[in-house]
Amino acid sequence: MEASKEAEDGERNAEFDASEIDYISYDGEHHLPLIMSLVDQELSEPYSIFTYRYFVYLWPQLCFLAFHGDKCVGTVVCKMGEHRNTTFRGYIAMLVVIKPYRGKGIATELVTRSINAMMESGCEEVTLEAEVTNKGALALYGRLGFIRAKRLFRYYLNGVDAFRLKLMFPQPDLHSYLPMMTNMDDSQHHRDHVSGHTEHIAAEENLKLNSVS
Amino acid sequence: MEWKSSEEPYVNTSTSHSSSSIPASESTIWADASPLLEVACRELQEGELIHGENFNLFAAMSALEIMDPKMDSGIVSRYCSVDEAIEDGAAPVPISFDKTEDIQCIIDIMDHLLACEATWHKGHSLAQTVFSCMYLLRPERTSSHALLHSYCKIIRATCKAVVSVVSDARTHEEEDLFTMSYGLPLNGDGDEKCLSLLNAVEENILRQLRACKTSSTKRRVTEDVEPLQTNLDLEEGYCKALLCRLRFRKHFFHLLTSMKRPQGRGLELARKHIAACISELNFIRKSSEFLVSHACGTCEGSKDEKTTASGRLPIGFDASVNTRISAPTPPRAIKLLSWKNAIQYFEKLLCDLDSVCSYSLNPSLDVLLRFVVQFQKAEPDLVARAHLQLLLVQDGKLYGRDPIFAVIARAAGLPDVTRDHTIQRKENVVQLGHLVINMLKILCTNSAWQRRKLGKILQDWRVIYVQLELAFRKEFEEVPSVLDYENVTMRILKNILTWVEEQTYWIAYRFLILGFELELYSPNEYCMVYWYLYIVLRKLAEKTHLKMTLSEAKQKGKKRKDSPKDLARETRIPPAVIFLQCQICLAEGLTLLLAALRNELMVLQSPNPFNSEHERFVQHFELLQKACIPDQIPYPLFMESTSHVCFSTIVMYNYFKDALKIAKELKSSFSNDPDKLAELRQLEQVAEHNSIAFSIICRVGGLDRSLKVSFEPIHHPYFATAVVKRS
């Protein structure tokens, strides 16, 4: 599907504090026009209303909207399901933050919420496609632990290649023979603090991760 | 709001459906759905639909919103059909009754078609590019205009030839838009005889050119030749502009036909046509100056984006005219390559085709694999890759000539008796032959697709290895009394096994390094990637060496006595193996340097909320691990070999110095191999720069926290150069 839009460029940046942004779970038809207009204006691929409904009716719990006051400034739309009868996989279909609000971690927060919901629903991995030229999105997903699993040749109709990005959740059997993992995660936690990441990551998520390992 | 109707359908069992072709059965019943639909129609709002359980993403994505210009390809842009457009005068024949104007327009059409053709080759649909030309769509309409008619004919014939090469090669897995041509008149009546008409037209223009030259030098006109157009001052320029365009088409068509000849018999001839094409392209480019200066009604827009030499808009094209026929035409407008870029595209294509044609059809698989890898470095497009693939594999034979078992026998260094040995009919060996052919085809695909396929076939190679090994053991159990070197089957199997292993590691190596080319690795994953590359390279070197030793043993067996010279050669490590050792040193050096930086300076780390390095490791190397490359549990092994690395330990040994030394020494061994020499020079540069960076980082790295180190592919596509800066 379509690449996500979150660029690092800060032209015409809106003045606001991160705490002024409200994140709301999809809550019915009245949200649909907001999502559609955001996606329509920011992404090039055209989607019919049925595509939007396909996602938000079946997986409303994976769809979030970001509001600054009354204004909807960002959204994420996802799905999940069995992939080739082997893997329960989450999929990020659309991620948009409007230009003046980019670079402030809104997209990271939106997508983090969706990924958390996927993890809680038992997904083993999350995938998406992003244009190889969309550096902002690639960096964002890289920070969240996605790897570039494949390159898809001329994936978009505009002739641009895509990367298939993939995030694999820790699996119990994977870590069982690895005694040093706990140490590593501790040190990572520490480094996260040192390097002063501005991205908002809920503390309980790190706890969850550590408890798995 | 209800999107999906959950109401039970009204069942009207009394309705008779005896006339229906599908009778009701025990599990099905015919029902009249009209009442349901009526209710639904009353309740449905705009944007709602009734759907079955199987309504999925694909169905949702296939839905169209009528009259949305981004989706509705049926929306009338200008004309409903080609015929309507033609009736409206969008593609007149002749284009103008003013002969000069007519010629100008025809040249514009030719140029725009070249841009369309290049755009098509670059991945857009035929219907939206070349066949947006209405003159091509109605072949009979141009018959009164010999020049236009001959050009349209050869364009259709060329498209047909290119489609056939690409479909035959089937290298277009992800590029299937390319060959879709339903509903397009690719088989125009008499198009196969396009060359005779084109030759006649060319001959005529040549005469016109000669005539105008003689008249311009005031000599008596010997021939009664009607000029091409009315303005005699421009006659020579227009004749020349047309001639190079016609000749380019002629040679390009000949080139395609020559390359298709079986067993590479037409390659030499093809090269002559390539040279002619390049020279005509040059004339075409030069004609621009003349055409621009005499163009009237120049269109707006940047000169570099124009699709014609004159800069004018061509007559007779409509990209949306095919939207209602079955060939795929996404409703959005596409951006055509400019005329200048189209010429560049064809020059590149010709250059790629020339390197295919210049290949000597060497029977050695090693040489062939290196050639294909080298060929792919130039990033050839689909058309060139398809030609290469068709040349390599024809009728299940290499070059349509060498049986695949003979190729394997040679590659594995099997004894000569093998040629007629029954072993080649063994199921596993036949299977191995299929794997080799499949691998060759994969190596001709685009690198994104190629990497995925190489990753997948690793497992097939592993399975065949295990099966052959079983066969080998069985053989050994059946004839235990015979010494193994006397058992030919056993010797053959042993050589094949070694070769299969070597080949498997070669595929794994390609798989890993293509990841660099495709930019699949981020710098914080470099440490694990170089570590894996190091493991694979070591195995590859080991197996290559073993294979070479085995085949040398075979050659030695033939000679009677070992001379002291032979003994010396025996102890010498083959240059191909030393070349790998140079890379091993670089991979190991980079792994350790990256590990020390990570462990001591905490750089190139990527803590993230959802997983750890372990998951990323598993994801990147999943396909290698499935094929047991290497055999043991790799992540703990990786951790074991890198988690304790620190500057104080690695400073003891600078692997880059070794790599540098090897690279310098090796040069003399490859003095006849320019490609290898070029790569050696690259490796040498990486080794030299990294050796210095390594010393600096080790000396001050642990103390100086302001040191910034990045790894860039400056000197080599996959061995990064360490760049040290102080922040």
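Q: What kinds of residues line the second largest pocket, by nonpolar, polar and charged?
A: This is a predicted model, and in it the lining of the second largest pocket divides into 21 nonpolar, eleven polar and 18 charged residues.

Q: Which residues lie nearest its centre?
A: Of the 50 residues that line the second largest pocket, A:His83, A:Arg89, A:Glu125, A:Lys150 and A:Lys166 lie nearest its centre.

Q: And which helix gives the most to that lining?
A: That is helix 20 of chain B, residues 613-626, which contributes nine residues to the lining of the second largest pocket, a pocket that holds about 1,600 Å³ of space.

Q: Switching topic, how many salt bridges are there over all chains?
A: The count comes to 31 salt bridges over all chains. One of them is formed by B:Asp381 and A:Arg154, whose closest N and O atoms are 3.2 Å apart.

Q: Why does that pair join two chains?
A: B:Asp381 sits in the loop between helix 11 (365-377) and helix 12 (382-392) of chain B, while A:Arg154 sits in the loop between strand 6 (147-152) and strand 7 (162-168) of chain A, so the pair joins two chains.

Q: Is B:Asp381 buried or exposed?
A: B:Asp381 is buried, because its relative accessible area is 11%, and the cut-off for buried is under 20%.

Q: What about B:Lys547, which residue does its side chain meet in a salt bridge?
A: The side chain of B:Lys547 meets that of B:Glu502, at 3.1 Å from N to O. This pair links distant parts of the chain, with B:Lys547 in helix 17 (residues 526-558) and B:Glu502 in helix 16 (residues 488-517) of chain B, 45 residues apart. B:Lys547 is buried at 5% relative accessible area, and B:Glu502 also counts as buried, at 7%.

Q: Where is B:Leu44?
A: B:Leu44 lies in the loop between helix 1 (34-43) and helix 2 (57-62) of chain B. Together with B:Leu37 and B:Ile50, B:Leu44 forms a nonpolar patch on the surface, with about 230 Å² of accessible area for the three. B:Leu44 is partly exposed, with a relative accessible area of 32%.

Q: Last one: how many helices and strands does chain A have?
A: Chain A has seven helices and seven strands, and from the N terminus on its elements run β-α-α-β-β-β-α-β-α-β-β-α-α-α. Of the 213 residues in chain A, 57% are buried.

Note on methods. Residues are numbered from 1 along each chain as its sequence is written. Chains are lettered from A and ligands numbered from 1 in the order in which they are written. This is a predicted model: local features need pLDDT of at least 70, side-chain atom pairs count only at pLDDT 80 or more; totals for chains, interfaces and linings use all residues. Side-chain values use heavy atoms; hydrogens and water are left out. On a 1 Å grid over the protein atoms alone, a cavity is a set of points where a 1.4 Å probe fits but cannot get out, and a pocket is an open set with protein on both sides within 12 Å along at least five of seven lines; lining residues have an atom within 4 Å of a point. Grid points are joined across faces, edges and corners, and a volume is the space filled by probe spheres set on the points. Helices (H or I, at least four residues) and strands (E, at least two) are DSSP runs, numbered from the N terminus. Ala, Val, Leu, Ile, Met, Phe, Trp, Tyr, Cys and Pro count as nonpolar, Asp, Glu, Lys and Arg as charged, and the others, Gly among them, as polar. Patches are made of residues with over 30% relative accessible area and no salt bridge: like charges are joined within 9 Å, nonpolar side chains (Val, Leu, Ile, Met, Phe, Trp, Tyr) within 5 Å. Accessible areas come from the Shrake-Rupley method with a 1.4 Å probe; for residues, only the protein chains shown count as cover. A salt bridge is a side-chain nitrogen of Lys or Arg within 4 Å of a carboxyl oxygen of Asp or Glu. Buried means under 20% relative accessible area, exposed over 50%, partly exposed in between (1.4 Å probe, protein chains only).
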